[in-house]
Amino acid sequence: MNEQIHNELLSISQLVADIPRVPTYRVPEGYFDELPTTMAAIVGLEEAPLWEKSPSMPQQVPVGYFEELPQTLLARVKQEEQQPGKVVQLFPKRLRWLAAACIVAVMGIAVWRFIGNEEITGAAPAVAFSQVSDEELSKYAEALTPTDPTTKEAEPTGISDQDIQAMLTDYSTEELEKYVKEQYLKEGSLH
């Protein structure tokens, strides 16, 4: 045993260093010579294996095969490079026409659904709004008024809508926006 390895084993453990270097497994004499016959008997082959029948290989390689192999392969590759490759279309014509038909169908349904069919979309909003009575509008407006006691509600002043519109026509848009900003800054909100 190498002296350096022995010293290292001594530093690790005296018990390990004292183990003798002797092979622990042994094969009986002639084991590998008798192995093919023994295995054939275990498997149940009645006749002798092929390697025992004839000392030569059953397949033959032509003389000079491996010497000529590189040139043969290069010649075959050059021949294939000269021939044009087969072109395979990724999307066949039928698939293109099918996709186009699907797109046209979806667009047609969308146009019919959102533009042309009043049964589905209902009447135009302006027409529908003009058909609502004033009483229904006032009920709707009352339902939207806040019931929170902290919000400031406008007190009735006895001024009609026409009077308010007449007063507001005297002021420009810029003046009205300035007034709203001032009121918002004073109160913190427009309630």
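Trainee: How many aromatic pairs does a search of the whole structure find?

Mentor: The search finds 2 aromatic pairs. Rings of Phe, Tyr and Trp (its six-membered ring) pair if their centres lie within 6.5 Å; planes under 30 degrees apart are stacked, over 60 edge-to-face, the rest tilted. This is a predicted model: local features need pLDDT of at least 70, side-chain atom pairs count only at pLDDT 80 or more, and totals for chains, interfaces and linings use all residues. Residues are numbered from 1 along each chain as its sequence is written, and side-chain values use heavy atoms, with hydrogens and water left out.

Trainee: Why is the pair of Y31 and F32 called edge-to-face?

Mentor: The ring centres of Y31 and F32 are 5.1 Å apart, and the limit is 6.5 Å. Their planes stand at 85°, and the cut-off is over 60. So the pair is edge-to-face.

Trainee: What makes Y31 partly exposed?

Mentor: Its relative accessibility is 39%. Buried means under 20% relative accessible area, exposed over 50%, partly exposed in between (1.4 Å probe, protein chains only). F32, at 59%, therefore counts as exposed.

Trainee: What geometry do Y65 and F66 show?

Mentor: Y65 and F66 are edge-to-face, with 5.1 Å centre to centre and 80° between the planes. Y65 has 39% relative accessibility, so it counts as partly exposed. F66 has 58%, so it counts as exposed.

Trainee: What makes E135 and K139 a salt bridge?

Mentor: The closest N and O atoms of E135 and K139 are 3.4 Å apart. The definition asks for a side-chain nitrogen of Lys or Arg within 4 Å of a carboxyl oxygen of Asp or Glu. The pair therefore meets the cut-off. A search of the whole structure finds 1 salt bridge.

Trainee: Why are E135 and K139 separated by about one helical turn?

Mentor: They are 4 residues apart in helix 9 (residues 134–144), which means about one turn. Helices (H or I, at least four residues) and strands (E, at least two) are DSSP runs, numbered from the N terminus. The chain has 11 helices and 0 strands. Both E135 and K139 are exposed.

Trainee: Which residues form the nonpolar patch on the surface?

Mentor: I159, I164, M167, L168, Y171 and L176 form the patch. Patches take residues with over 30% relative accessible area and no salt bridge; like charges are joined within 9 Å, nonpolar side chains (Val, Leu, Ile, Met, Phe, Trp, Tyr) within 5 Å. Helix 10 (residues 161–168) gives the most, with 3 residues. Y171 sits in the loop between helix 10 and helix 11 (173–187).

Trainee: How do you know that helix 1 is hardly covered?

Mentor: Helix 1 (residues 3–12) has 10 residues, and its count of buried residues is 0. Across the 191 residues of the chain, 3% count as buried.

Terms used: Accessible areas come from the Shrake-Rupley method with a 1.4 Å probe; for residues, only the protein chains shown count as cover.
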